[in-house]
Structures are given as structure tokens and as C-alpha cells.
Amino acid sequence: MGGHRLLPLLAVFLFAASAAVRAETDTAGDQDQSWVAYLDRVAQEAIREGVSPATIETAFNSLEPDERVIGFDRRQPEFVQTFEEYLVARVTDFRQREGRRLYREHQALLQEIGADYGVDPEYIVAFWGLETSFGRYQGKYSIIRSLATLGFDQRRSAFFTAELIKALHILDEGHVAPDQFVGAWAGAMGQGQFMPSSFLRFAVDYDGDGRKDIWSNQADVFASIANYLKQAGWKSGAGWGTRVNYDASLQPGDLKPETRDTSCRALKHHTKQLPLSDWRNLGVSWEQSPGVGDDNSLWALIVPDGDQTNSYLVGGNFRTILRYNCANKYAVSVGLLAEAITQESS
Ligand SMILES: [Ca+2]
């Protein structure tokens with residue numbers, strides 16, 4: 001790869017940056033040196049993967065760790081929300097109202113993208129609303145700086161270093177200007193909050209301008225979310241699940257799956273998957289059918305908080321939502337918000 005002979009140049013550049021930092025803070029000298037060594041190691045790996053040295057020089061120029069990011073990473077939640085509190089905080093009146101309004105405003109584009117990817121468009125809007133309140137809160141942290149800080153930190157170094165190298169690829173491909181390459185403190189980017197690895201796998205240039213702009217191009221944002229769901233197995237029209245009632249004699253804890261899907265921790269709290277007819281025979285009932293009369297599909301029972309009055313049967317699309325964000329309460333809120341978006345406003 002042609003980049004190899006440029007390596008010494010990059011090393012000189014990084015060494016110069018480190019010398020400047022060391023001159024300022026003598027006591028932190030060792031820390032600075034290992035930070036620079038870390039960036040140098042990342043740079044070499046990225047260059048080996050074909051990222052241009054110029055891109056890396058721009059990205060790493062005067063880069064310093066962001067202590068705020070470590071603070072967020074170490075912060076413990078002060079209290080644990082109940083499932084009900086979580087839903088109230090996420091599926092707000094504002095998001096339902098705004099979701100309905102934006103669903104109508106972008107209806108033609110959403111229908112087209114929904115048809116192209118085989119994804120019900122109200123779910124695209126629901127993810128958009130839950131992730132960033134429809135693009136309002138994407139985060140203003142430098143993606144490169146956040147990921148380098150978390151990659152340099154010991155706690156999840158390998159994960160964030162891999163994401164950092166992928167972020168360098170994204171810059172190198174020219175999808176976004178370096179000064180606009182921003183997002184949430186832990187590296188989730190754009191209106192759908194994709195990590196760099198998800199961007200490289202799923203982001204789409206739907207409007208055809210050559211850039212996958214998940215930050216500000218509405219068509220790219222919608223199509224990228226839709227493509228993520230499609231690749232994760234979405235089935236259009238199959239629903240997500242429904243709230244259910246059942247008799248206290250049914251013990252969901254006794255209905256463990258024979259083999260456990262370990263791809264996502266939330267699945268630990270799912271019963272085995274059964275057809276709706278089996279659930280009916282077990283005394284489970286529902287007001288609103290979870291699927292479209294598709295008794296061949298398989299449904300699991302979840303009881304968030306162990307509260308029987310707040311239980312759901314969830315299907316294949318629910319498991320797809322978990323691939324986007326592995327938390328049962330998140331996935332229920334996506335389903336409920338999507339339903340609210342297609343309801344007539346009251
Ligand atoms: Ca584009």
C-alpha cells in the first residue's frame with residue numbers, strides 16, 4: 001500500500017504535536033507521550049487499511065483527550081427508572097404529535113423509501129423521534145475526539161479503537177466535513193445515531209449526491225434507518241407486538257427457550273417463542289392483534305419489571321428493533337410511538 005512510505009512523516013507530525021503539549025505540562029508528560037503513541041498506533045492501522053495520511057493528519061491535528069467524555073462514561077444512573085416511567089419519558093405527547101406531523105410532511109419520501117426497503121415508514125419516524133427528537137438533538141461532540149478518548153481509556157479500548165478507525169474511513173470517504181463530524185459523546189452520529197461501524201454497514205446515499213449524509217439530508221437519514229432495519233430482518237406489515245393479559249397461573253419464568261440467543265442481553269428476558277395460537281391456549285389474551293393474522297410467526301412474552309399488568313407479546317420485528325438498540329424498553333417505546341404516529345390525532 002502506497003501509504004507506507006508516508007509513515008515517518010506522520011510520526012514526525014505527531015511527535016511535534018506531543019512536544020508542544022509536553023512543554024506546557026511537565027507533570028503530565030508520560031500521559032501525553034502515551035496518548036501520542038496511541039494516536040500513532042491508530043494512524044498506522046488506519047493507513048494500513050487504506051485511509052489517506054492527509055485525512056488522519058487533519059483529524060488528529062492538535063487532538064487532546066476530552067475529560068467530559070470520561071466523566072459521562074463513569075457516571076452511574078442516580079436512580080433506575082421503572083418501565084412505566086421510561087415509557088412516559090420517551091413516548092411523550094410531543095413526540096407523538098410531532099411524529100404525526102412529520103410523517104404527513106414527509107409522506108411521499110417515506111412511502112417511497114418504505115417501499116424500496118420493505119420497512120413500514122412509521123417505524124422510520126419512530127426511530128428518528130426516539131434517537132434525536134426528529135434530528136433536533138444529534139450531539140455536538142467531535143466524533144474523532146470522543147472515540148479517541150474512549151479508545152485510549154482502558155475500559156472498552158478495543159471496541160472504541162475499532163470505531164475510531166472506522167470513523168477515519170468515513171472522513172476519508174468525504175461524507176462529512178471534519179468540523180461537522182459531530183455526534184453524541186460516545187460516538188453515535190447523525191439523526192439516527194449510528195456508530196461508525198453501523199454507518200459503514202448501513203448508511204445510504206439515497207439522494208445520489210455521492211455523500212451518505214445522515215446529519216442533514218432527510219432522504220439519506222430515512223433510507224439509512226430503513227436499510228439498517230431491512231438488513232436486520234424487518235418484515236413489513238408484521239407488527240412488533242402487543243400488550244397482553246394472562247392468568248396468574250401462567251409462570252413466564254417456566255417458559256425458558258431451549259437455546260438462548262446471546263446476541264443481545266435483552267433476549268435473556270424473553271420466554272421461548274411460540275405461535276399466537278399456543279399463547280391463546282396458555283390463556284394469554286390481547287385487545288389488539290400483534291400481527292396481521294400471521295399465526296405462523298413466533299412470539300415471545302416479556303414482562304418488564306416483572307409486573308404482570310405490563311406484559312407484551314413480541315415478534316420478529318421486535319427482535320429486529322433490538323438489533324438497533326438492545327433494550328426491551330427501548331424496543332417497546334419504538335413500537336408504541338410507531339403506532340401513535342399512524343393514529344389519527346385526538
Ligand atoms: Ca446523499
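In the predicted model, strand S5 (residues 311-314) is covered on both faces. Ser311 and Leu313 lie on one side and Tyr312 and Val314 on the other, and all four names belong to buried residues. In a regular strand the side chains alternate between the two faces of the sheet. S5 pairs in the antiparallel sense with strand S3 (residues 241-244) over 4 bridges. Within this pairing, valine 244 has serine 311 as its bridge partner. S5 also pairs with strand S4 (residues 300-302), again in the antiparallel sense, over 3 bridges. Here leucine 313 of S5 stands opposite leucine 301.

Leu110, Ile113 and Tyr117 are buried. These residues cover an arc of only 70° around the axis and therefore lie on the same side of H7. Gln107, Ala108, Gln111 and Ala115, on the other side of the helix, are exposed. The cover over the buried residues of H7 includes H6, H8 and H12. Glycine 118 follows H7 and has a positive phi, near 70°.

Helix H8 comprises the 12 residues 121-132. At 1.5 Å a residue, a helix of this number of residues should span 16 Å; the end C-alpha atoms of H8 are 17 Å apart, which agrees. Of the 12 residues, 11 are buried, so H8 is largely enclosed by the rest of the structure. The buried residues are Pro121, Tyr123, Ile124, Val125, Ala126, Phe127, Trp128, Gly129, Leu130, Glu131 and Thr132.

Arginine 145 is located in helix H9 (residues 143-152). This arginine has 21 C-beta neighbours inside 10 Å and, because the cut-off for burial is 20 or more, counts as buried. When residues up to four places away in sequence are left out, arginine 145 touches Leu63 and Asp66. The C-alpha atom of arginine 145 is separated by 8.9 Å from that of leucine 164, a residue 19 places away along the chain.

Conventions: Residues are numbered from 1 along each chain as its sequence is written. This is a predicted model: local features need pLDDT of at least 70, side-chain atom pairs count only at pLDDT 80 or more; totals for chains, interfaces and linings use all residues. Helices (H or I, at least four residues) and strands (E, at least two) are DSSP runs, numbered from the N terminus. The expected span of a helix is 1.5 Å times one less than its number of residues. Two residues are in contact if their C-beta atoms, placed from the backbone, lie within 7 Å. The arc is that of the directions from the helix axis to the C-beta atoms. Two strands pair if DSSP finds at least two bridges between them.
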